[in-house]
Amino acid sequence: MGTDQTFDGGTQAAASRRRAVLLINPNTNKATTALMTGLAREVLQPRGFGVVGLTAAAGPAMITDPDALAESAIHVQLAARHYLDGPDGGDVAAVIVAAIGDPGRAELEKDLDVPVVGIGQASVLAAAADGRRFGMATSTPLLADALGKLVATHGKAGLFTGVRLTPSEPLVLAADPEQQFHELAAAVQESVDDGAQAVIIAGGPLSETARRLAQVSTARIIEPIPSACGRVLELLAVAVPGD
């Protein structure tokens, strides 16, 4: 299936009868998995879907460079296959790959008969809705090129104002949520100064800070986990809150 994944009526109906969404964290940090799973449940449980959070069994604890991103793809595929082949696999209506670079998403999309949504994919599509210009704010400078390629993959390069970065490294910011918030807020403002009408907070582990920024920023903040959940509901033809 292509980038703009679609399903015929029979496949869509079969998937929507299943009542679980599988969220896979491509890094091995279980606390990050719990955080992202909780955010997904806030969106999906009111629509009748449970969320099962899985943590990659091996690979990087945090994806901060292209090698780690590439390595994590196989662990995402293995985690999905292990769960889907198990006793509860038949309940899965959709899969969310919960890292901004969407490792393993394209491969799973080809293999599975349910929607496979990446938080990067969903964020780009949400940010670019209605032809908005958009940027990204993140703490992982070595992934800037990969993020640009992600935008191009989904056909939105012409709307993209670029990536703005925090001055501190991701591991430093992970240990200090307040510093992370303030540095990402500054990166958001830089993105707005570039002409962005919406700004993606680019990183699954940044989800809590993304929520805080959405509550206080004058810019339109795109939160990756809620964006992915909205995309899942759209693909399953389930009414999205606010529609």
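**Figure 1. A pair of residues within helix α4.**
E109 and R105 both belong to helix α4, where four residues, about one turn of the helix, separate them. The model shown here and in the other views is predicted. A salt bridge joins E109 to R105, and their closest N and O atoms are 2.6 Å apart. The structure holds seven salt bridges.

**Figure 2. The second largest pocket, with a volume of about 320 Å³.**
The lining of this pocket consists of 16 residues, and the closest to the pocket centre are L69, G101, D102, P103 and L150. Three helices, α3 (66-84), α4 (105-111) and α6 (144-153), each supply at least two residues of the lining. By type, the lining residues of the second largest pocket divide into eight nonpolar, four polar and four charged.

**Figure 3. The open sheet with strand order β2-β1-β3-β4.**
Four strands form this sheet, and their pairing is parallel. Which strands are at the edges of the sheet? The edge strands are β2 (50-55) and β4 (116-118), each of which pairs on one side only. From one strand to the next, the twist averages 25 degrees.

**Figure 4. Strands β1 and β2, with helix α2 lying across them.**
β1 covers residues 20-25 and pairs with β2 in the parallel sense. How many bridges does this pairing extend over? The pairing of β1 and β2 extends over six bridges. N25 stands opposite T55, a residue of β2. Helix α2 runs at about 165 degrees to β2.

**Figure 5. Helix α5 against strands β3 and β4.**
Helix α5 is made up of residues 119-127 and lies across β3 (92-97) and β4. The angle at which α5 runs to β4 is about 70 degrees.

**Figure 6. The open sheet with strand order β6-β5-β7-β8.**
This sheet has four strands, with parallel pairing. Its edge strands are β6 (160-165) and β8 (220-222), and each pairs on one side only. Neighbouring strands of the sheet are turned against each other by 25 degrees on average, direction ignored.

**Figure 7. The pairing of strands β5 and β7.**
Strand β5 holds residues 134-138, and strand β7 holds residues 198-201. These two strands pair in the parallel sense over four bridges. Which residue of β7 stands opposite A137? The residue opposite A137 is I201.

**Figure 8. The largest pocket, with a volume of about 520 Å³.**
The largest pocket is lined by 33 residues, and T32, M62, Q180, P205 and L206 are the closest to its centre. Which helices each supply at least two residues of the lining? The helices are α2 (30-44), α7 (170-174), α8 (177-193) and α9 (207-216). Helix α2 is also the helix that lies across β1 and β2. The residues lining the largest pocket divide into 19 nonpolar, 12 polar and two charged.

Note on methods: Residues are numbered from 1 along each chain as its sequence is written. This is a predicted model: local features need pLDDT of at least 70, side-chain atom pairs count only at pLDDT 80 or more; totals for chains, interfaces and linings use all residues. Side-chain values use heavy atoms; hydrogens and water are left out. On a 1 Å grid over the protein atoms alone, a cavity is a set of points where a 1.4 Å probe fits but cannot get out, and a pocket is an open set with protein on both sides within 12 Å along at least five of seven lines; lining residues have an atom within 4 Å of a point. Grid points are joined across faces, edges and corners, and a volume is the space filled by probe spheres set on the points. Ala, Val, Leu, Ile, Met, Phe, Trp, Tyr, Cys and Pro count as nonpolar, Asp, Glu, Lys and Arg as charged, and the others, Gly among them, as polar. Two strands pair if DSSP finds at least two bridges between them. Axes are lines fitted to C-alpha atoms, for helices over the stretch in contact, and angles run from 0 to 180 degrees between N-to-C directions. Contact means heavy atoms within 4.5 Å. A salt bridge is a side-chain nitrogen of Lys or Arg within 4 Å of a carboxyl oxygen of Asp or Glu.
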